[in-house]
Amino acid sequence: MIIRRTAVAALALMSLASVVTACGEERQNIADQQLSGVVYDPPISVAGLSLPDAAGGDFAMQPASGKLNLIYFGYMNCPDVCPTTLADIKKALSLMPEDVRSRITLAMETIDPDRDTGAELTAYVQGFVPSAHAMQTTDQELLQKVTKAFGASYSVTTNENGDIEVGHSANLYVV
């Protein structure tokens, strides 16, 4: 699916989560907010790309007509960025009308497949968004092919103390 300029509208909807102010203050008008994001020009294509769903089958990056996929590359042991991003998505989706929300699918691909496995990964992602998909592959060539297509990056290394260190880009992709 080509990431299109119309995805900016979806980013605006996703930004609803950030317009809720702290301490129970009233919600600010979305029109008053500065939205941010990147629109690829020329658009990138992720048509034909899929990754294994941890619950079984494959998850296609290309959504059905009239739908949007939110694609995120992260991992369960992430101390900050991943849970914050997933919580923001949960909040944004909760602020949308059902007819809009029902057209959006969240899928998170783990970049740490040796530790993030099947049912645990699915439970983690669905703890934020019950209808979400958890993707997992130990095929590093496939994972690198898909992350490269999106422009995402990651590294998983073991330091001299035997501790696993993970780094990754923190972008959310709207397809």
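What you're looking at is a predicted model, where local features need pLDDT of at least 70, side-chain atom pairs count only at pLDDT 80 or more, and totals for chains, interfaces and linings use all residues. Residues are numbered from 1 along each chain as its sequence is written, and side-chain values use heavy atoms, with hydrogens and water left out.

Now for the nonpolar core, meaning a set of buried Ala, Val, Leu, Ile, Met, Phe, Trp, Tyr and Cys residues joined through side-chain atoms within 4.5 Å. The largest one holds 38 residues, and Met-61, Ile-71, Phe-73 and Phe-150 have the most contacts inside it. Two or more residues come from each of β3 (68-74), α2 (81-94), β4 (104-110), α4 (118-128), β5 (133-135), α5 (140-150) and β8 (172-174). Those labels are DSSP runs numbered from the N terminus: helices are H or I with at least four residues, strands are E with at least two.

Take Ile-71 as a way in. This residue is found in strand β3 and is buried, at 0% relative accessibility. Contact here means heavy atoms within 4.5 Å. Leaving aside neighbours within four places in sequence, Ile-71 is in contact with Phe-59, Met-61, Ala-107, Phe-150, Asn-171, Leu-172, Tyr-173 and Val-175. Its C-alpha atom is 8.5 Å from that of Thr-105, which is 34 residues away along the chain.

Hop over to Phe-150 and, with the neighbours within four places in sequence again set aside, the contacts include Tyr-40, Ile-44, Val-46 and Met-61.

Asp-139 caps the N-terminal end, with a side-chain oxygen 3.1 Å from the backbone nitrogen of Glu-141. Just after the helix, Gly-151 takes a positive phi of about 85°.

Next, a hairpin. Strands count as paired if DSSP finds at least two bridges between them, and β6 (residues 154-158) and β7 (residues 164-168) pair in the antiparallel sense over five bridges. Thr-157 has Glu-165 in β7 as its bridge partner. Five residues lie between the two strands, and Gly-162 in the turn has a positive phi of about 85°.

What about charged pairs? A salt bridge is a side-chain nitrogen of Lys or Arg within 4 Å of a carboxyl oxygen of Asp or Glu, and the count by this rule is two. Glu-98 and Arg-101 make one, at 2.7 Å from N to O. They sit three residues apart in helix α3 (residues 98-101), so about one helical turn separates them. Glu-98 is partly exposed at 48% relative accessibility, and Arg-101 is partly exposed at 28%. Asp-112 and Arg-115 form a salt bridge too, with the closest N and O atoms 2.6 Å apart. Here Asp-112 is buried at 3%, whereas Arg-115 is partly exposed at 31%.

Key:
Buried means under 20% relative accessible area, exposed over 50%, partly exposed in between (1.4 Å probe, protein chains only). A polar contact is a pair of N or O atoms within 3.5 Å; within protein, one must be able to donate a hydrogen and the other to accept it, and residues adjacent in sequence count only if both atoms are side-chain atoms.
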